[in-house]
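Subject: Structure handover

Hello,

Here is the structure I promised you. Please open it next to this email and follow along.

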Amino acid sequence: MSALIAENRRARFEYHIEEQYEAGMVLEGWEVKAIRAGQVQLTDGYVVIRNGELYLIGCRINALRSASTHVHPEADRTKKLLMGKDEIKRLVGKVEQRGFTLVPLNLHWKGGRVKAEIALAKGKAQHDKRETEKKRDWDREKGRLMRHKVSSSPKE
């Protein structure tokens, strides 16, 4: 079972998710400690492909106050993502040809290592976003009505 570290909820609202992949992350020691302390933010993150390699940009990891004096932590450092060469080639093809983009969905622990779940996604149009919002509001209202109905039902 993998424990969730951070989630990018905005990604599911902004994009139609097509395929999901798991990638390892190249991190420094202070970053792992900060992640364990919950000092990570993924909302503005995105994935780029450079020279056949994946990089996560915009994932903010705030250094702990107890960070070593000889380490100079950089919160918005570009992090390299690790995936198989064949998978990366498939992603490159889809991103370049079909107008897909790569977005990070979440960071999680797997076997003591930090993994990033990234998605091949297409941007939603404004009316799709409104539709998603309406559906979410209706689901919330439906839940409220059901709870109210259950709690106020006459007891015999």
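One term first: a polar contact is a pair of N or O atoms within 3.5 Å, where one must be able to donate a hydrogen and the other to accept it. By that rule, the side chains of Arg90 and Tyr21 are joined by a polar contact of 3.3 Å. More on Arg90 below.

Please note that this is a predicted model. The mean pLDDT of the protein is 80. Of its residues, 90% reach 70 or more. Confidence is highest in strand 5, at a mean of 87. It is lowest in helix 1 (residues 9–14), at 76.

**The overall fold**

The protein has four helices and nine strands. Along the sequence they follow the pattern β-α-β-α-β-β-β-β-β-α-β-β-α. There are 156 residues, and buried ones make up 31% of them. Take the contacts with a separation of 6 or more: 69% of these are between residues 24 or more positions apart. The exposed surface comes to about 10500 Å². Carbon and sulfur atoms supply 48% of that area.

Start with strand 8 (101–110). Is strand 8 largely enclosed or left open by the rest of the structure? It is largely enclosed, because eight of its ten residues are buried.

Strand 8 pairs with strand 9 (113–123). The two run antiparallel and share nine bridges. One of the bridge pairs is Pro104 with Ile118 in strand 9. Two residues lie between the strands of this hairpin. Gly111 has a positive phi there, near 60°.

Strand 8 also pairs with strand 1. That pairing is antiparallel too, with three bridges. Here Leu4 stands opposite His108 of strand 8.

Now look at Ala119, in strand 9. Ala119 is buried, since its relative accessibility is 0%. Its contacts beyond four places in sequence are Ile17, Glu19, Gln20, Thr101, Leu102, Val103 and Leu105. His16 is 103 residues away from Ala119 along the chain, yet their C-alpha atoms are separated by 9.5 Å.

**The nonpolar cores**

In soluble globular proteins, nonpolar side chains tend to be buried together. Where does that show up here? The largest nonpolar core has 27 residues. Leu54 and Leu81 touch the most other members. Several elements each supply at least two residues of this core, including strand 1 (4–7), strand 2 (15–25), helix 2 and helix 3 (85–98). Strand 9 gives the largest share, four residues.

Zoom in on Leu81. Leaving out residues up to four places away in sequence, Leu81 touches Ala23, Gly24, Met25, Val47, Leu54, Tyr55, Leu56, Ala116 and Ile118.

*Glu31.* You will find Glu31 in helix 2 (residues 29–36). Is Glu31 buried or exposed? It is buried, because its relative accessible area is 0%, and the cut-off for buried is under 20%. Outside four places in sequence, Glu31 touches Ile61, Arg77 and Lys79.

*Arg90.* This residue is in helix 3. Arg90 has 43% relative accessibility, so it counts as partly exposed. Which residues does Arg90 touch, not counting those up to four places away in sequence? They are Glu19 and Tyr21. A polar contact joins the side chains of Arg90 and Glu19 at 3.2 Å.

*Asn51.* Look in the loop between strand 4 (46–50) and strand 5. Asn51 is exposed, because its relative accessible area is 80%. The phi of Asn51 is near 50°. That is a positive value in a residue other than glycine.

Find it on screen and trace both.

Best wishes

How values were computed
Residues are numbered from 1 along each chain as its sequence is written. Side-chain values use heavy atoms; hydrogens and water are left out. Buried means under 20% relative accessible area, exposed over 50%, partly exposed in between (1.4 Å probe, protein chains only). Contact means heavy atoms within 4.5 Å. A nonpolar core is a set of buried Ala, Val, Leu, Ile, Met, Phe, Trp, Tyr and Cys residues joined through side-chain atoms within 4.5 Å. Accessible areas come from the Shrake-Rupley method with a 1.4 Å probe; for residues, only the protein chains shown count as cover. Two strands pair if DSSP finds at least two bridges between them. pLDDT is the predictor's confidence in each residue, from 0 to 100.
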